[in-house]
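Hello! Here is the structure I promised to pass on to you. Have a look at it first, and then read on for what was found in it.

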Amino acid sequence: MDQDFAKAGLSGPVLGVETSCDETGVAVYDAGRGLLAHTLYSQIRMHADYGGVVPELASRDHVRKLLPLVRETLSRADLKVADLGGVAYTAGPGLVGALLVGATASRALAWALGVPAIAVHHMEGHLLAPLLEADPPQPPFVALLVSGGHSMLIEVAAIGRYRLLGDTFDDAAGEAFDKTAKLMDLPYPGGPALAKLAEQGRPGAFRFSRPMTDRPGLDFSFSGLKTQVLLAWQASDRSEQTKADVARAFEEAIVETLAIKCRRALAATGAKSLVVAGGVGANRRLRAQLAEAGSREGFRTYFPRPEFCTDNGAMIALAGSLRLAAGQHEAPAITVQPRWALEALPAV
Ligand code: KG4
Ligand code: ZN
């Protein structure tokens, strides 16, 4: 049933489904009217007992939550399922079982409705999330994608034309936050907990290195930082104030490293706009530092609102809607890609 839906004149809002990790996100996006509704269920409390995401539990919980969330989202948008013009879902990268829940439900729904299904790349979703805001960025721009699984700098010539400028050799920025938080006994997920604690930290009490900023290049390496933190923490008096001081110094090291590489990427490409997205994009110090560097150095920074930095269905609905408008959708087979290079995507 690989019909030409565009020629068939099908239109209508796109349902977006995100199930790549530990959040079930659903949204409806309309090309003309924008975001109509979105809902999110976070599994964080369930995984917190284990100190990290347990893939099998994640898949089962997506099964439980997805269809109720689809109904809830449609009802908030005041839509019936038959009003949908397409169903977009995260097809990768992510946990394969979790991806399959969203993919099978979305493909089945699209099939039943006779509308196109659109497989969305999770990181393209993050990258396009700032387009959900008023006054969105226009390509060309540089995107810093910093999440639990990725730390990438991408040159965006157009939507769908992506060139990887820099990547991490080891831990992603969010992973570095999470692992460092864990070794200081902070609750899971560590990133937001560590950032909150850092607000109480005193400047200059500790200093950690800015990895790989002493040589040219746009790649990252964050795994050495957690060892520095561990050694400093173990040699300290382990008081609550010291913990906050260490958290602050760690956050400053990550944020400054990211900011240095962003400025380099802008200089290398000549771009004047910087997009920051992914879970770590919710970090207040990162947002403030990049916005300030931009006003000083003449580039503009674009961030999604914090709730659209972390995983959500809105970014998937938006990315799906843009690809559908460009005539792209899937053949009927259900496939997911736990590993998927962003540069392999076709241009829109
Ligand atoms: O994009 P996301 O929700 O999921 C992935 O695709 O990985 O990102 C989650 C990551 C986690 O590592 C989390 O600790 C981190 O983003 N994170 C933060 C903050 N909020 C979330 N890291 C630093 N500061 C924050 N405020
Ligand atoms: Zn994500």
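How are the donor residues of the zinc ion (ligand 2) spaced in sequence? They follow the pattern H-x3-H-x184-D. Before going on, please note that this is a predicted model, in which local features need pLDDT of at least 70, side-chain atom pairs count only at pLDDT 80 or more, and totals for chains, interfaces and linings use all residues. Residues are numbered from 1 along each chain as its sequence is written, chains are lettered from A and ligands numbered from 1 in the order in which they are written, and side-chain values use heavy atoms, with hydrogens and water left out.

**The zinc site**

The protein donors are His122 (NE2), His126 (NE2) and Asp311 (OD), at 2.0 to 2.1 Å from the zinc ion. Donors here are N, O and S atoms within 2.8 Å of the metal (3.2 Å for Na, K and Ca); water is not among the atoms, so sites may look incomplete. His126 sits in helix α4 (residues 122–128), while Asp311 is in the loop between α10 (306–309) and α11 (314–325), so the pair links parts of the chain 185 residues apart. Helices (H or I, at least four residues) and strands (E, at least two) are DSSP runs, numbered from the N terminus. Both His126 and Asp311 are buried, meaning under 20% relative accessible area, where exposed is over 50% and partly exposed in between (1.4 Å probe, protein chains only).

**The sheet**

Five strands make an open sheet with mixed pairing, in the order β3-β2-β1-β4-β5. Two strands pair if DSSP finds at least two bridges between them. At the edges stand β3 (34–42) and β5 (117–121), each with a single partner strand, so one side of each has no neighbour in the sheet. Strands β1 (residues 14–18) and β4 (residues 86–92) pair in the parallel sense over four bridges, and Val17 stands opposite Tyr89 in β4.

**A hairpin**

Strands β7 (residues 151–158) and β8 (residues 161–166) pair in the antiparallel sense, over five bridges. Here Ile154 stands opposite Leu164 in β8. The hairpin has two residues between its strands, and Gly160 takes a positive phi near 95°.

**Two helices**

Helix α8 (residues 240–269) packs against helix α9 (residues 284–297) at an angle of about 35°, with the axes 10 Å apart. Axes are lines fitted to C-alpha atoms, for helices over the stretch in contact (heavy atoms within 4.5 Å), and angles run from 0 to 180 degrees between N-to-C directions. Among the residues that meet are Val255 and Leu258 in α8 and Leu286 and Leu290 in α9.

Enjoy exploring!
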